[in-house]
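Dear colleague,

Please find the structure for your records below.

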Amino acid sequence: TPTLHYAPTQNWEHKQMMAALDARMAQACTNAKDAGYIVYTVILTSGSDIDWTAPKNLMKSCASSADRAYAPANSSELKPVFEAIAKSIRRIHLAE
């Protein structure tokens with residue numbers, strides 16, 4: 001399970017807490033997908049002082065597929081992301 005690293009000066013307890021939260025999120029994602037839900041994820045990755053690799057990977061693995069994981073770099077990209085998700089959901093609904 002990937003560990004989220006939000007700041008370079010974290011102590012050991014914080015890292016353990018983040019690892020536990022990551023594991024719970026991963027399990028929740030697995031449970032939702034196993035129950036037949038389609039999972040979309042969105043992570044807003046702003047802030048150059050943060051290593052976003054692990055959080056992005058966690059969100060990507062949570063999504064039902066790579067094309068359902070979004071990582072806009074700034075808030076101005078959120079509207080198109082949610083429009084794409086809405087379009088995808090409409091397509092799924094119409095196909096059923």
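Threonine 41 lies in strand β1. In this predicted model, strand β1 covers residues 41-42 and has the highest mean pLDDT among the elements of the protein chain, at 97. Threonine 41 has a relative accessible area of 5%, and it is therefore classed as buried, since the cut-off for that class is under 20%. The side chain of threonine 41 reaches the backbone oxygen of methionine 59, at a distance of 3.0 Å. Leaving aside residues up to four places away in sequence, threonine 41 touches Met59, Lys60, Cys62, Ala63, Arg68, Ala69 and Tyr70.

How many disulfides does a search of the whole structure find? The search finds one. The disulfide is formed by cysteine 29 and cysteine 62, whose sulfur atoms are 1.8 Å apart. For reference, a disulfide is a covalent bond between the sulfur atoms of two cysteines. The angle about the S-S bond is -80 degrees, and the link of cysteine 29 and cysteine 62 is left-handed.

Are the two cysteines buried or exposed? Cysteine 29 has a relative accessible area of 7%, so it counts as buried. Cysteine 62 is likewise buried, with a relative accessible area of 7%.

Turning to the chain as a whole, the secondary structure comes to three helices and two strands. Read from the N terminus, these elements follow the order α-β-α-β-α. Of the 96 residues of the protein chain, 24% count as buried. Among contacts between residues at least 6 apart in sequence, 61% join residues at least 24 apart. The protein chain exposes about 6,500 Å², and carbon and sulfur atoms supply 57% of that area.

Finally, a word on confidence. The protein chain averages a pLDDT of 85, and 83% of the residues score at least 70. Among the elements, helix α3 (residues 78-95) has the lowest mean pLDDT, at 88.

With kind regards

Conventions
Residues are numbered from 1 along each chain as its sequence is written. This is a predicted model: local features need pLDDT of at least 70, side-chain atom pairs count only at pLDDT 80 or more; totals for chains, interfaces and linings use all residues. Side-chain values use heavy atoms; hydrogens and water are left out. pLDDT is the predictor's confidence in each residue, from 0 to 100. Helices (H or I, at least four residues) and strands (E, at least two) are DSSP runs, numbered from the N terminus. A disulfide is a pair of cysteine sulfur atoms within 2.5 Å. Buried means under 20% relative accessible area, exposed over 50%, partly exposed in between (1.4 Å probe, protein chains only). A polar contact is a pair of N or O atoms within 3.5 Å; within protein, one must be able to donate a hydrogen and the other to accept it, and residues adjacent in sequence count only if both atoms are side-chain atoms. Contact means heavy atoms within 4.5 Å. Accessible areas come from the Shrake-Rupley method with a 1.4 Å probe; for residues, only the protein chains shown count as cover.
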